Amino acid sequence: MESKCETPYNFNSVHFVMSAPSIADLPEDSGAEIAFIGRSNAGKSSCLNALCNRKTLAKTSRTPGRTRLINLFELEPGKRFVDLPGYGFAKVSKQEKAAWDRSLEEYLQKRQSLKGLVLLMDIRNPLKEGDRQMIDWSLAANIPLQILLTKADKLPRGQRKKAVDETAMALREFGPGDMRLFAFSAVDQSIGMDAFRLNLTAWFDETPIGGGTEETGE
């Protein structure tokens with residue numbers, strides 16, 4: 001189903017710009033960027049492709065966690081999406097993981113152009129260890145957070161609502177913060193896509209949207 005959301009931005013115009021091997025290799029810290037992160041099986045590439053109505057904008061890998069590059073996409077001059085590598089499946093050494101964690105935490109704390117972080121979690125298995133770490137870091141850095149419970153089309157309406165409610169309850173343990181929680185599907189775009197695009201627009205325009213929970217697609 002096509003989303004009927006209207007925003008000032010044409011998300012269909014998003015295009016690939018570059019891949020960076022590390023946070024240190026990102027372009028100049030200017031303009032506005034929104035980062036995407038999640039476990040390697042959370043549907044991050046599918047989310048980006050659905051957002052932009054493109055099938056292959058963000059490449060998917062048959063081997064979760066294999067891709068370690070940071071991919072940048074441009075919406076319009078000065079406005080970017082940053083696709084951070086997935087976590088949870090990559091077979092890397094403890095030293096490599098520790099180095100990446102330090103780099104990512106520094107990115108969240110010091111990147112002036114970062115306007116918000118989109119955290120994707122499978123609605124059937126949310127709030128794993130890595131997810132909790134991302135939430136902690138985002139809140140500590142005062143980075144606005146949108147949490148998408150992906151693959152929501154795989155659950156019937158009642159179970160979907162229950163999963164959102166239970167996750168919202170669990171998020172209370174993190175205390176106050178700029179967080180929004182959505183059920184989301186890249187397959188059925190009536191579930192969460194309109195709210196997602198509107199909130200991305202608000203971030204790029206630096207318009208406060210506040211926190212909250214919204215279960216869409218009823």
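Predicted model: local features only at pLDDT ≥ 70, side-chain atom pairs only at ≥ 80, totals over all residues.
**Reading the strands, a helix and a few loops**

Colleague: What makes S3 and S4 a pair?

Modeller: Pairing takes at least two bridges between the strands. Strand S3 (residues 70-76) and S4 have five bridges, in the antiparallel sense. They therefore count as paired. Two residues lie between the strands of this hairpin, and Gly78 there takes a positive phi near 85 degrees.

Colleague: In which sense does S2 pair with S4?

Modeller: In the parallel sense, over five bridges, with S2 covering residues 32-38. Here Glu33 stands opposite Arg80 in S4.

Colleague: Why is S4 called mostly covered?

Modeller: Buried means under 20% relative accessible area. In S4 (residues 79-83), five of its five residues are buried. Lys79, Phe81 and Asp83 point one way, while Arg80 and Val82 point the other way. Both groups are buried.

Colleague: What makes Ser113 buried or exposed?

Modeller: Its relative accessible area is 1%. The cut-off for buried is under 20%, so Ser113 is buried. Ser113 is found in the loop between helix H2 (94-110) and S5.

Colleague: Which side chains make polar contacts with the side chain of Ser113?

Modeller: Asp29, at 2.8 Å, and Arg111, at 3.3 Å. Leaving out residues up to four places away in sequence, Ser113 touches several others, including Ser30, Gly31 and Arg80.

Colleague: How do you know that the span of H2 is close to the expected one?

Modeller: H2 has 17 residues. The expected span is 1.5 Å times one less than the number of residues. For H2 that is 24 Å, and the helix reaches 24 Å from its first C-alpha to its last.

Colleague: Which residues of H2 are buried, and why do we say they line one face?

Modeller: Trp100, Asp101, Leu104, Tyr107 and Leu108 are buried. Seen down the helix axis, the buried residues of H2 fall within an arc of 125 degrees, so they line one face. They pack against S2, S3, S4, S5 and H3. On the other side of H2, Gln95, Arg102 and Lys110 are exposed.

Colleague: What about the loops: what is the phi of Leu127, and where does Leu127 sit?

Modeller: Leu127 has a positive phi of about 55 degrees, although it is not a glycine. Leu127 sits in the loop between strand S5 (114-122) and helix H3 (129-140). Its relative accessible area is 11%. That is under 20%, so Leu127 is buried.

Colleague: And why is Glu206 called buried or exposed?

Modeller: Exposed means over 50% relative accessible area. Glu206 has 58%, so Glu206 is exposed. Glu206 is not a glycine, yet its phi is positive, about 55 degrees. Glu206 lies in the loop between helix H5 (193-205) and strand S8 (212-214).

Colleague: How many helices and strands are there in the protein chain?

Modeller: Five helices and eight strands. Along the sequence they follow the pattern β-β-α-β-β-α-β-α-β-α-β-α-β.

Colleague: What share of the protein chain is buried?

Modeller: 49% of the 218 residues. Among contacts with a separation of 6 or more, 79% come from residues 24 or more positions apart. The accessible surface of the chain comes to about 10,900 Å², and 48% of that belongs to carbon and sulfur atoms.

Methods: Residues numbered from 1 in each chain as written. Heavy atoms only, no water. Helix = DSSP H or I, 4+ residues; strand = E, 2+ residues; numbered from the N terminus. Buried < 20%, exposed > 50% of the residue type's maximum accessible area, 1.4 Å probe, protein only. Polar contact = N/O pair within 3.5 Å; in protein donor to acceptor, adjacent residues only side chain to side chain. Contact = heavy atoms within 4.5 Å. Arc of directions from axis to C-beta. Areas by Shrake-Rupley, 256 points an atom, 1.4 Å probe, with all protein chains shown as cover.
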